[in-house]
Amino acid sequence: MRFLDRSTMNSLLEGATSFQQKQPYPWVAIQNFVYPDRFAELCRDLPDPSLFDAQMGYRRAHGQRSHDRLALQYRPALEPQLAPSWRERIIWLLGSVSV
């Protein structure tokens, strides 16, 4: 199943040079990167917060504040507790990552 809008990705690739030359630093505002219907589906099917690990109060270099957050750390045993849309997305991501 497709999640990312191929035409948006192609547009980003075509604009790579102008992106690198933006001042004061490179930035881009991406619209419709994920198909809107798939995004709504992923939002509707968000995993239960109890499945997330709390990552709070970690010390960072140079006195920066902690990036406090809940993180969903993937592990195969978690899959049966995830909605099909999230399992599908994870499988897609794992298939596109080269180790």
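Residues are classed here as buried at under 20% relative accessible area, as exposed at over 50% and as partly exposed in between (1.4 Å probe, protein chains only). The structure is a predicted model, in which local features need pLDDT of at least 70 and side-chain atom pairs count only at pLDDT 80 or more, while totals for chains, interfaces and linings use all residues. Residues are numbered from 1 along each chain as its sequence is written, and side-chain values use heavy atoms, with hydrogens and water left out. Helices (H or I, at least four residues) and strands (E, at least two) are DSSP runs, numbered from the N terminus.

With a relative accessible area of 81%, His62 is exposed. His62 belongs to the loop between strand 1 (53-55) and strand 2 (69-71), and its phi is positive, near 60°, in a residue other than glycine. A positive phi, of about 55°, is also found at Asn32, which is not a glycine. Asn32 is placed in the loop between helix 2 and helix 3 and is partly exposed at 46% relative accessible area. The loop between helix 2 and helix 3 also holds Pro24. The peptide bond that leads from Gln23 to Pro24 is cis, with omega near 10°.

Asn32 is among the contacts of Thr8 (contact meaning heavy atoms within 4.5 Å). When neighbours within four places in sequence are left aside, Thr8 touches Ile30, Gln31, Asn32 and Phe33. Thr8 itself is part of helix 1 and is buried, its relative accessibility being 15%.

Ile30 also contributes, together with Phe19 and Val28, to a nonpolar surface patch of about 230 Å². Patches are made of residues with over 30% relative accessible area and no salt bridge, like charges being joined within 9 Å and nonpolar side chains (Val, Leu, Ile, Met, Phe, Trp, Tyr) within 5 Å. The accessible areas come from the Shrake-Rupley method with a 1.4 Å probe, and for residues only the protein chains shown count as cover. Phe19 is situated in helix 2 (residues 16-20) and is partly exposed, with a relative accessible area of 33%.

Side chains of opposite charge can pair when their charged atoms come close. A salt bridge is counted where a side-chain nitrogen of Lys or Arg lies within 4 Å of a carboxyl oxygen of Asp or Glu, and the count by this rule is three. Arg38, Glu41 and Glu88 are joined in a network of salt bridges. Arg38 and Glu41 stand three residues apart in helix 3 (residues 36-44), so about one helical turn separates them. The salt bridge between Glu88 and Arg38 has an N to O distance of 3.3 Å. Because Glu88 lies in helix 4 (residues 84-96) and Arg38 in helix 3, this pair ties together parts that are 50 residues apart in sequence. Arg38 is buried, at 5% relative accessible area, whereas Glu41 is partly exposed at 22% and Glu88 is partly exposed at 27%. A further salt bridge joins Arg44 to Asp45, with the closest N and O atoms 3.2 Å apart. Arg44 is exposed at 61% relative accessibility, while Asp45 is buried at 18%.

One aromatic pair is present in the structure. The ring centres of Phe3 and Trp92 lie 6.2 Å apart with the planes at 50°, so the pair is classed as tilted. Rings of Phe, Tyr and Trp (its six-membered ring) pair if their centres lie within 6.5 Å, and planes under 30 degrees apart count as stacked, over 60 as edge-to-face and the rest as tilted. Phe3 is buried, with a relative accessible area of 1%, and Trp92 is partly exposed at 32%.

Charges are also found over ring faces, the criterion being NZ of Lys or CZ of Arg within 6 Å of the ring centre and within 35 degrees of the ring normal. Arg89 lies over the face of Phe3, at 5.0 Å from the ring centre, and Lys22 lies over that of Trp27, at 4.0 Å.

Helix 4 also includes Pro84, which is exposed with a relative accessible area of 54%. Pro84 and Leu42 are 42 residues apart in sequence, and their C-alpha atoms are 9.6 Å apart in space.
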